[in-house]
Amino acid sequence: MNGAQDLGGMMGFGPIQMEQDEPWFHHEWERRAFGLTLAMGATGSWNLDMSRHARESLPPAEYLTSSYYEIWTKGVEKLLVAAGLVSAEELTRGRALMEPAPIKRVLKAEDVPAVLARGGPAERPIEQPARFAVGDRVRTRNMHPQGHTRLPRYARGKSGIVELVHSAHVFPDANAHGQGEQPQWLYTICFPGRELWGEQADPTVSVSIDAWESYLEPA
Amino acid sequence: MVHDHHHHDNDDQSHLSEIELRVRALESILVEKGYVDSAAIDVLVETYEVKVGPRNGAKVVAKAWADPAYRDWLRTDATAAIASLGFLGRQGEHMVAVENTPEQHNLVVCTLCSCYPWPVLGLPPVWYKSAPYRSRAVLDPRAVLAEFGVRLPETTRVRVWDSTAEVRYLVIPMRPERTEGMSEEALADLVTRDSMIGTGLALQPEAMR
């Protein structure tokens with residue numbers, strides 16, 4: 001979706017604010033928001049693509065004025081309500097009112113190291129061969145789906161070169177909407193800066209994205 | 001009362017911000033319903049606050065500088081080469097190492113969210129997740145680099161990697177001159193977090209004295 005998360009190429013946000021000796025978290029509530037988001041993710045009630053979509057579908061003005069862990073908190077609340085695990089009224093009242101819903105699993109403290117070490121690999125077996133090879137010229141589709149996509153606006157309808165062929169990965173555009181993993185070949189596509197940004201762009205710059213096969217057509 | 005620490009966790013919440021109250025209420029709902037275990041949250045936070053961080057990535061880079069066979073392995077299978085040092089798992093499942101050279105400088109961003117190689121760098125700094133960096137890293141990377149104090153020769157190409165999938169990129173900065181014979185451990189001290197994102201360069205050995 002063309003949401004506020006898709007920031008590449010926007011202007012006017014001002015200088016980058018670095019912080020010397022930045023702490024990992026700035027407030028105690030950020031620690032809890034981080035931990036409970038990961039812990040809920042480990043219950044298997046939704047997938048990573050659904051989490052990203054929950055965050056990016058915040059209204060743009062809200063997304064851009066919320067801090068990072070505020071966005072995470074709002075995202076996990078939306079997912080909890082959508083999954084029927086917590087009601088909107090419970091969130092408003094700040095306490096449990098209904099019986100808990102069944103849940104696949106609960107992350108225990110002693111299992112955290114193993115769960116983190118396992119991670120969530122996105123690679124999947126696939127029958128069909130890759131459509132493109134390293135060095136092929138491709139064009140990204142010009143598309144504006146209402147749902148989740150990982151093709152940023154600045155890289156739509158652009159011509160580039162296949163630089164890396166990864167393997168088949170879970171397709172987020174489907175997986176974010178409960179349509180299954182539908183794995184597709186994943187590629188790194190490199191574009192000259194001028195293809196993306198026009199003739200005034202720095203000729204020494206190039207930019208790549210990682211793109212699923214259905215984002216691409218031969219050029 | 002703000003200064004009355006004894007009551008922070010109980011009745012007096014008037015000093016807490018809206019978001020603090022919201023997260024606190026959320027955790028208590030989830031714990032009461034049995035969906036999450038607060039002790040697991042503690043371990044998750046502790047892991048990323050204490051155990052994981054850019055020293056991991058620095059070990060990878062130092063080994064790549066010192067050991068040509070390891071560097072070759074990083075080039076062909078970064079995930080396995082990095083896992084061999086014990087750095088693996090969440091947000092590092094599919095790793096690619098990109099090497100800086102005099103001809104090409106690499107810079108990593110995630111314009112769509114905050115994708116970052118957690119096992120080797122830890123959690124990302126706020127600026128990496130922020131709109132100013134995400135918007136401009138792909139549009140005007142030399143200006144972004146200048147804000148970080150990095151000025152490259154005009155003949156050096158700038159290559160930006162937008163992490164739009166589950167592949168995570170680790171920049172291997174150029175090894176500074178006059179570091180021959182240094183141990184891997186000493187070399188690792190020259191490798192900063194920013195040098196592995198591409199917003200910095202490795203430190204010169206003089207800087208360590």
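**Reading a predicted two-chain model**

Colleague: Start with chain A. Among its contacts between residues at least 6 apart in sequence, what share joins residues at least 24 apart?

Modeller: 66% of them do. Keep in mind that this is a predicted model.

Colleague: What confidence does the predictor give the complex?

Modeller: The ipTM is 0.98 and the pTM is 0.95. For chain B, the mean pLDDT is 93, and 93% of its residues reach 70 or more. One stretch to check is residues 1-11 of chain B, where the pLDDT is below 50. Beyond near neighbours in sequence, that stretch has four contacts in the model.

Colleague: How many helices and strands does chain A have?

Modeller: Eight helices and five strands. Their order along the sequence is α-α-α-α-α-α-β-β-α-β-α-β-β. The C-alpha trace spans about 55 × 45 × 35 Å along its principal axes.

Colleague: Which domain does UniProt place at residues 1-110 of chain A?

Modeller: An unreviewed UniProt entry lists "domain: Nitrile hydratase beta subunit-like N-terminal" there. In the model, residues 1-110 of chain A are 45% helix and 0% strand. The end C-alpha atoms of that range lie 38 Å apart.

Colleague: Now burial. What percentage of the residues of chain A count as buried?

Modeller: 40% of 219. The test is a neighbour count: 20 or more other C-beta atoms within 10 Å of the residue's own. Apply it to a strand. In β4(A), residues 205-212, eight of eight residues are buried, so the strand is largely enclosed by the rest of the structure.

Colleague: Which residues of β4(A) lie on each side?

Modeller: One side carries A:Val205, A:Val207, A:Ile209 and A:Ala211. The other carries A:Ser206, A:Ser208, A:Asp210 and A:Trp212. Both faces are covered.

Colleague: In which sense does β4(A) pair with β3(A)?

Modeller: Antiparallel, over seven bridges, with β3(A) formed by residues 184-192.

Colleague: Widen the view. How many residues of chain A are in contact with chain B?

Modeller: 70 residues of chain A contact 65 of chain B. On the side of chain A that touches chain B, at least two residues each come from α1 (28-41), α4 (68-82), α6 (112-118), β2 (159-169) and β4. α1(A) gives the largest share, ten residues. By type, that side of chain A divides into 38 nonpolar, 16 polar and 16 charged.

Colleague: How far apart are B:Ala81 and B:Asn56 in sequence and in space?

Modeller: They are 25 residues apart in sequence. In space, the C-alpha to C-alpha distance is 13 Å.

Definitions and conventions. Residues numbered from 1 in each chain as written. Chains lettered and ligands numbered in written order. Predicted model: local features only at pLDDT ≥ 70, side-chain atom pairs only at ≥ 80, totals over all residues. Helix = DSSP H or I, 4+ residues; strand = E, 2+ residues; numbered from the N terminus. Buried ≥ 20, exposed ≤ 12 C-beta atoms within 10 Å, placed from the backbone. Contact = placed C-beta atoms within 7 Å. UniProt positions renumbered as here; feature names shortened; annotations may be inferred. Pairing = 2+ DSSP bridges. Nonpolar A, V, L, I, M, F, W, Y, C, P; charged D, E, K, R; others polar. pLDDT = per-residue confidence, 0-100.
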